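Hello,

Here is the structure for you to look over. My notes follow below it.

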Amino acid sequence: MDILTPRPLRHGDRIAVLSPSSIIKPQTVYNALPVLADRGWVTYVGEHTFDRHGTYAGTDDARYADLETALLDPDTRAIICSRGGYGAVHLLERLDRLPLRDDPKWIVGYSDISALHALMSKHGIESIHAPMCKHIATHKGKDDDSLRLFSLLEGTRRDVTVSPNRHNRHGRVTGRLLGGNLAVIDGLISTPFDVLRPDTILFIEDIAEPVYKIERMLYNLRLNGTLSSLRGLIVGRFTDYTPGADDETMEQMIARMVSAYDYPVAFGVPVGHVDHNIPLVCSSTVTLDITPYATTIHYEA
């Protein structure tokens, strides 16, 4: 399947801010809207963006309705998810039946929004793993991550360069960039939305998962052949966890789990539940170049 890139945003294009997962404080969204408007875009919130149904931002039907409306609206060119949390997986089966390739839209978000990136990947459409409303509002869109996100939406792709890490394994490979929150994508294994495919450059991150639980997920990937079939691995940030009983850190455990393979592995890449959360284009073709001096992710034409 050819990979489709949604059209770059232009001045006056419409952006929807929706809540596919957990509830969001309205003020967080309202603080982000002027930042997007200052970029020249027309922003709106979905009918159910601020709904509450338990911990979810509305019922499944309500959250699906907002996404369906935005995805089928010819004037809406991008969807920025208000936050993650949990709940996007409830919507995948119905969203999968929409003609997403007829008029591809940008979907932006991370954490639980990894489920929507998996949906877009299944349909061969690029999407952006990136900060959401809280980050955009807090930094007023002037930090490098927000500016990088805006540039990606407008069609400009800059290389990502990060400092070396002592756990890195050097090398240079080209492949399709897929991944996101490890717990979310692990939950999609053996479904139609499984992004863990051979010859992938996989990126992973997570929050509040003990070392042993991440190790268990990686053993699943090892035993089903995924780890051995990767072209490269990008280890983002794993935050809010406690080391294992033997004081093994998350990076040490991951390095041990992939020690049998010879592909390049980058550690310490600022992607995930951290203030510096570099946007990445899911389903894009990239070259991962890891040297003793830097890790570079280069977007291929």
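**Around Cys81**

Start with Cys81. Beyond its neighbours within four places in sequence, Cys81 contacts Leu18, Pro20, Ile107, Val108, Ile113, Leu116, Met132 and Cys133. Please keep in mind that this is a predicted model. Cys81 is part of strand β3, which covers residues 76-81. Its relative accessibility is 0%, so Cys81 counts as buried. Pro6 is 75 residues away from Cys81 along the chain, and the C-alpha atoms of the two are separated by 16 Å.

**Helix α4**

Just after α4 comes Gly124, with a positive phi of about 70°.

**The nonpolar cores**

The largest nonpolar core has 55 residues. Which of them touch the most other members? Leu95, Leu116, Leu182, Leu233 and Ile254 do. Take Leu233 from that group. Setting aside neighbours within four places in sequence, Leu233 is in contact with Leu202, Ile204, Ile254, Val258, Tyr263, Pro264, Val265, Ala266 and Leu288. There is also a second, separate core of 42 residues. Among them are Leu36, Val271, Val281 and Tyr299.

**Helices α8 and α10**

Ile254 also takes part in the meeting of α8 and α10. Helix α8 runs over residues 211-223, and helix α10 over residues 250-257. Their axes come within 10 Å and cross at roughly 15°. Angles under 35 degrees count as roughly parallel, so α8 and α10 are roughly parallel to each other. Is the crossing left-handed or right-handed? The crossing of α8 and α10 is right-handed.

Here is who meets whom:

- From α8: Val211, Ile214, Glu215, Leu218, Tyr219 and Arg222.
- From α10: Met250, Met253, Ile254, Arg256 and Met257.

By class, this contact of α8 with α10 has eight nonpolar residues, three charged ones and no polar ones.

**The loop between α7 and β8**

Now go to the loop between α7 (182-186) and β8 (200-207). Two residues there deserve a look. Most residues other than glycine have a negative phi. Ser190 is not a glycine, yet it has a positive phi of about 70°. Asp199 is not a glycine either, and its phi is positive at about 65°.

How exposed are they? Ser190 has 72% relative accessibility, so it counts as exposed. Asp199 has 42%, so it counts as partly exposed.

**Ser151**

One last residue. Ser151 sits in helix α6, residues 144-153. Is Ser151 buried or exposed? Buried means under 20% relative accessible area, and Ser151 is at 17%, so it counts as buried. Not counting residues up to four places away in sequence, Ser151 touches Arg39 and Thr156.

Best wishes

Conventions. Residues numbered from 1 in each chain as written. Predicted model: local features only at pLDDT ≥ 70, side-chain atom pairs only at ≥ 80, totals over all residues. Heavy atoms only, no water. Axes fitted to C-alpha atoms, helices over the stretch in contact; angles between N-to-C directions. Helix = DSSP H or I, 4+ residues; strand = E, 2+ residues; numbered from the N terminus. Parallel < 35°, antiparallel > 145°, perpendicular 65-115°, else oblique. Left-handed = near helix turned anticlockwise from the far one by under 90°. Contact = heavy atoms within 4.5 Å. Nonpolar A, V, L, I, M, F, W, Y, C, P; charged D, E, K, R; others polar. Core = buried A, V, L, I, M, F, W, Y, C linked by side-chain atoms within 4.5 Å. Buried < 20%, exposed > 50% of the residue type's maximum accessible area, 1.4 Å probe, protein only.
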